[in-house]
Structure formats: structure tokens, C-alpha cells
Amino acid sequence: MAAVTLSTTTNGTTGTATSVIDLEGVSIGYGSEAPPVLVDVNLSVERGSFVAIVGPSGVGKSTLLRVVAGLHTARSGGVVIHQDQRPGHRPVGLVFQDARLLPWRRVVRNVEFGLEGLPVSRDERRRRAEAALKLVRLDGYARRWPYELSGGQRQRVGIARAMAVDPDILLMDEPFGALDAITRNNLQDELRRIHQETGKTILFVTHDLEEAVHLADRIIVLGGTPARVVRDVRNSAGRDGSVFRSQVDQLRSEIADNYSI
Amino acid sequence: MKTHKKIALSALGVVVFLLMWEAVARSGIVPARLLPSPSAVPAAFLTEFRSGTWQEMVLASLSHYLVGLSLGTFLGVSFGTAAALWIKWDAFQAWVVRMLRPIPAIAWIPFAIIWFGVSEGAASFLIALTVFWINYYASYAAVRGVDKDLIELGYAFGQGGLIPRLFKIVLPGALPGILSGLRAGLGQGWMTVVAAELFGISGLGMRMMEASGLLATHIVVLYMVTIALLYGVSDFLFMQVQTRVLSWQR
């Protein structure tokens, strides 16, 4: 059993490495008897990068993310998060597919949730929550109840909550998967902006290849049974017409080649 | 249906009920001591009120009720939540609960008297017992029903420890269910007040018993109405609080 190791670094570096997380030979399974879902995953995510993990559903993308978030324990291998030394922050901020807001808390109190366990004063907490709401363009919604928000707005609150803890890495588990196409496009653009503005490291799980190519500067393809990393692609296509298409098509065939039922 | 129309219909229902009752009582079909007429109740109230008996009985019952209700609610919610939270504790107490649950509060009267004497404590004990079980089961189900995803959210944001998990996620999430248990206990508590006082502990139940011994049925009816009103007021007040507490619900 391998839990997440937190290593504290200065200025975000250990020796020569500039990675935020390092996965070494990580295998993941459920229970102790069942065959593993994911085997031998080696992955270093560089500080400030935007990495997408793609693959067919059931391949273990979300499980991998949950391992990094500390919600699931890997069967073997090492998971290291190089944590910055600045006080009052969490190593990871997690954004779920369902916004997962606490319905009995107003928006701003939802954003404060992750800050409550940190040594942060009340005023500081409120200030950071409001800044995070501003980042996702929801200033003015602080006093609303979650039920008063649209699906897209709720997901923005979810992002604000994760950003408020000023994480070393932002983990996103198919965050736009349940939204309609227009809202999804909007939020994708917003996320790109947030990434550019804040320089946060982002690890993003999706089954939507267009989304991955549009957003990420690196794409990890998982496939096979048990799944492993089958491709690790640098991506700079963005939304640049033909480059975008060919990148998406190439990924699609990679996944098809490694697909087994 | 519009609200004022609804209220008007409800009022009409009460009036028709009272008129029919009055008509039957006056017609002489049923002897007056078997069925007092509702119009005899206000006079009974005045007599009881002037002598101070009514106030005394209401206050006595209210004190049994409040003590029993708070005790039973607090313990019921605590034990129900604990059983829902810890599988081992749940298994440990499951059969004890099954054995004790079906025993009605009235069956405990002999023990209540042996332990507490014919006293306020005995009445409060019986009320607490009734209220306990209602809250135990309501809280158990409510806590079990809390969205597991929200608990996971707690772990993801460093709020997975027992105290933050309990107070920031489990209890707020279970609150609607716990409150409906509280409300059921509120009503059941008043029913037990009467039963608990029938054997001589001062209060509404005792006064009803005395009056029926003298065949003063109009006084019995007076105290029935009194209990109905007390229940109505407590339920109304509770609903006011509940609406406020659950304002986050759609």
C-alpha cells in the first residue's frame, strides 16, 4: 500500500526537478483480490503545466486522480507531491464532475470550506474566498444559495473552492462533462484564462479528446487492460484549425488501437 | 387552490363538525353525561381558570413535557447518529434495540413509579422514552442517508476528521431528516403526557382522570381541547423554526 508522500520544497524545486507530482510505478486496484485497474504508471507533472489524462471510460483516469488527491490508496508504487513551503495552503485542490457544493452553505461559505482546516484567520478566509469568486467571475454571487445557481455557475464555485486553498496542483475530474455544449465551451475558455493568469499546475481528466487538445499542453493517453500509459504527447494545437484536427484524430486512433473490452 | 380559500374551507370544516356535535348533544339522542355539548366547554374553562386549576395543570404538564422532550430528543439523536456512524457500535447495540423498541412507554409505568415515585421525574421519564425511539430511528436513517460524495468532499479538503466531518457534513446533511423526527416526537410527546399523568402525577392527564371519575365529561373535553391546542402551538412554532433553519432548501 502506498499513500501520498508530501515533500516540502523551497521555491517549488527539489534538486533539479521542477515537477509538482511524481508518480513512480503506481499500480491501482480495488480490494486486494481483484486484478489491478492501472499498472506501472510513471508520470511527472511539471510546475505550471496543464496536463490532460484521456482514455476510454472505465480505464481508471478518475481513480488515478483520486490517488493523487489522497482519496484512494495505490496498491504499490510511489506518489510524491512536492509541496511548496508557503503557509496556509493545501497541496491539492480537487474539482469534481458534479460541482458537489454543500447545499446548506451559501456560495462564499462553500468556497471557504477548504480553508477552514488551515491556519488562516476568519478575515483572511473571507478575503481569499472572495478573491477566488472574482477569479471565476462570480463576485456578486457570494450570498446566494447553491440551488439558485445554474450548472455552469455551480461548477465555477467548485473551481473557486479548489483555487481558494491555493493548491500546488489543481486536480480536475471531468469537470465539464455534465454541462451543455455552450456552457462547456465558456468554462473551457475560462479555465485557460485562469491557468494563464495564475500559472497553476493543472491535472485534468477527460474523455473528451477535443477538450484535451484544446486545453492541455501535454496529453497522457491511458489504455489497455490493465491500463497503462500508452502515449504521452506534447500538445500546442490549442484551437488552431488543422493542427487541432490532426492532433485529435491522432489521439483517437491511439485510443482505438489500445482499446480492449 | 388559493390559500385564503383553503383556510376558509378548513374553518368551515371545524364549524360544521362542532355544529353537528352540538346538534347531537342537544337532540337528547345521547344522554348529556355520555356526550357533553361543545357549548358547555367555555363555561367549564371559566370555572377551571378562575380556580387556577387550569393554569396549574398546564404548567405542570408543560414542565414534564419539556424535560422529557429535550432529554429524549437529545439522547435519541445522539444514539441514532452514533449507531449510523459506527458499524461496530451499530452491530453491538442492534439486538438490544430490537428487544427494547417494541415495549410501549406505558409498560414502563411500574418501573417509572418504582424508580422515581409518583413524581414529575416519572412522567418526564416516560415522555423521554417515547420521544427517544422516534428520534433514534429518524436520526439513524437521516445520517445513513447523507450523500457519501459530500463526505468524500470533506476528505478531499482536509475536513475528514471526526469533528469536522460530523459538524460540517453529516449533521447538516442529516438535518432535514432529524428535524422530521423531532416533529414526530413533539406530537407523540403530548400523547404520552396524558398517559404518564393518568396514575396521579399532577397535570392535564390527572385532571382528566379526576373529572371522568366524577362523570364531569365537559371538563374532560376541556382538557382534550387544551392538549390539542398545546400541540397545535408547539407544532406551529416548530414549523416556524424549521422553515428558517432549512432556508437553504429549494
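Student: In this predicted model, what distance separates the end C-alpha atoms of α5(A), and what span should its residues give?

Tutor: Helix α5(A) has 18 residues, and at 1.5 Å a residue they should span 26 Å.

Student: Which residues of α5(A) are buried, and where on the helix do they lie?

Tutor: The buried residues are Leu187(A), Leu191(A), Ile194(A) and His195(A). Seen down the axis of α5(A), the buried residues fall within an arc of 95°, so they line one face of the helix.

Student: Which exposed residues sit on the face of α5(A) turned away from its buried side?

Tutor: This face points away from the buried side of α5(A). The exposed residues it carries are Ala181(A), Ile182(A), Gln196(A) and Glu197(A).

Student: What covers the buried residues of α5(A)?

Tutor: The cover includes both strands and helices of chain A. Among the strands are β4 (50-54) and β8 (201-205). Among the helices are α3 (122-135), α4 (151-164) and α6 (209-215).

Student: Why does His195(A) count as buried?

Tutor: His195(A) is found in helix α5 (residues 181-198) of chain A. A residue is buried if 20 or more other C-beta atoms lie within 10 Å of its own. His195(A) counts as buried because its number of C-beta neighbours inside 10 Å is 20.

Student: Which residues is His195(A) in contact with, leaving aside its neighbours within four places in sequence?

Tutor: Neighbours within four places in sequence are set aside here. The contacts of His195(A) are then Phe50(A), Lys200(A) and Ile202(A).

Student: Which residue follows α5(A), and what is its phi?

Tutor: The residue that follows α5(A) is Gly199(A). Its phi is positive, near 70°.

Student: Turning to chain B, at what angle do the axes of α3(B) and α6(B) cross?

Tutor: Two packed helices are described by the angle between their axes and the distance between the axes. Here the helices are α3 (residues 53-85) and α6 (residues 120-144) of chain B, and their axes come within 6 Å. The crossing is right-handed. The axes cross at roughly 30°.

Student: Which helix gives the most to the side of chain B that touches chain A?

Tutor: The contact takes 13 residues from chain B and 14 residues from chain A. On the chain B side, α7 (148-156) and α8 (162-197) each supply at least two residues. The helix that gives the most, with six residues, is α7(B).

Notes:
Residues numbered from 1 in each chain as written. Chains lettered and ligands numbered in written order. Predicted model: local features only at pLDDT ≥ 70, side-chain atom pairs only at ≥ 80, totals over all residues. Axes fitted to C-alpha atoms, helices over the stretch in contact; angles between N-to-C directions. Helix = DSSP H or I, 4+ residues; strand = E, 2+ residues; numbered from the N terminus. Left-handed = near helix turned anticlockwise from the far one by under 90°. Contact = placed C-beta atoms within 7 Å. Buried ≥ 20, exposed ≤ 12 C-beta atoms within 10 Å, placed from the backbone. Expected span 1.5 Å × (residues − 1). Arc of directions from axis to C-beta.
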